[in-house]
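Here is a short report on a protein model. Look at the strands first, then at the open space.

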Amino acid sequence: MISLLEILQLDNMNLKKIIKKYLRMTGIDIIRYHKQGNPLGWLRSENISTVFDIGANIGQFAQEIRAELPDAQIYSFEPIKECHDELIRSMGNDKKFRAFQLALGDKKETKTIHVSFYAPSSSLLEQSEELKKLFPHVTGTIGENIKVERLDDIVHELTIEKPFLVKMDVQGFEDRVIEGGKETIAEADVLIIETSFIELYEGQPLFDDIYKKLKSLGFSYNGSLRSKKDPKNGKIIFEDSIFLKQDR
């Protein structure tokens, strides 16, 4: 056994090695911590000037994107009143931000949204049994009447500078949003869309359905920012898919 005096006489490098060795013998390992960058950092090189934040919730994405794109114009869409009010509180002082209290879809109408006790899981579609099994903490909803409009109608009121990004997190309503915003989305440079591999909401499109729609609009799939896996088997449940315009 090495004595304390001998340890103190060692240089720092050898001292670190010996400490690590003895810690490993007790089942403890030390590794260097590498700070992770923002997964949206790559967007800086895309020179994005306008961002459509569809399904904004309380502004998580808007704040994250603002940290990377300080000069971009952000248009956020959030239909649930409580979430929209919190979105305004968090982003309202940003002069290049504008919020709309409405959902986007394939036609102008008034619908009932199923507001989950876990707000980000709220949807215009009914929760599936699969969702209730996988995420029991989000089950249980109350209805709230909201306005739905088409993106292609809304954009006539807005100033859009290219290149622009469309982010979509709408809990199974993706195909309707795309249908009602086909002309606008086709002109986008980058899409970030939450896509599911399991039907979490009744009648929702899955990844393959969204992939086909976006491919027909000239986009290619370029991996994901984040994904959620089933802890039981490691299979991906849903992800934030990245699509890039092919003819940029």
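## A covered strand

Both faces of β2 are covered: Gln-73, Tyr-75 and Phe-77 are buried on one side, and Ile-74 and Ser-76 are buried on the other. Buried means under 20% relative accessible area, exposed over 50% and partly exposed in between, with a 1.4 Å probe and protein chains only. In a regular strand the side chains alternate between the two faces of the sheet. Five of the five residues of β2 (residues 73–77) are buried, so the strand is largely enclosed by the rest of the structure.

This is a predicted model: local features need pLDDT of at least 70, side-chain atom pairs count only at pLDDT 80 or more, and totals for chains, interfaces and linings use all residues. Residues are numbered from 1 along each chain as its sequence is written, and side-chain values use heavy atoms, without hydrogens and water.

## Its neighbours

Strands (E, at least two residues) and helices (H or I, at least four) are DSSP runs, numbered from the N terminus. Two strands pair if DSSP finds at least two bridges between them. β1 (residues 50–54) and β2 pair in the parallel sense over five bridges. Asp-53 has Ser-76 in β2 as its bridge partner.

On the other pairing, β2 and β3 (residues 97–100) are parallel over four bridges. Here Ile-74 stands opposite Phe-97 in β3. From β2 the chain crosses through helix α4 (residues 81–91) to β3, and this β-α-β crossover is right-handed. That term means that, with the strands pointing away from the viewer, the path from the first strand over the helix to the second runs clockwise.
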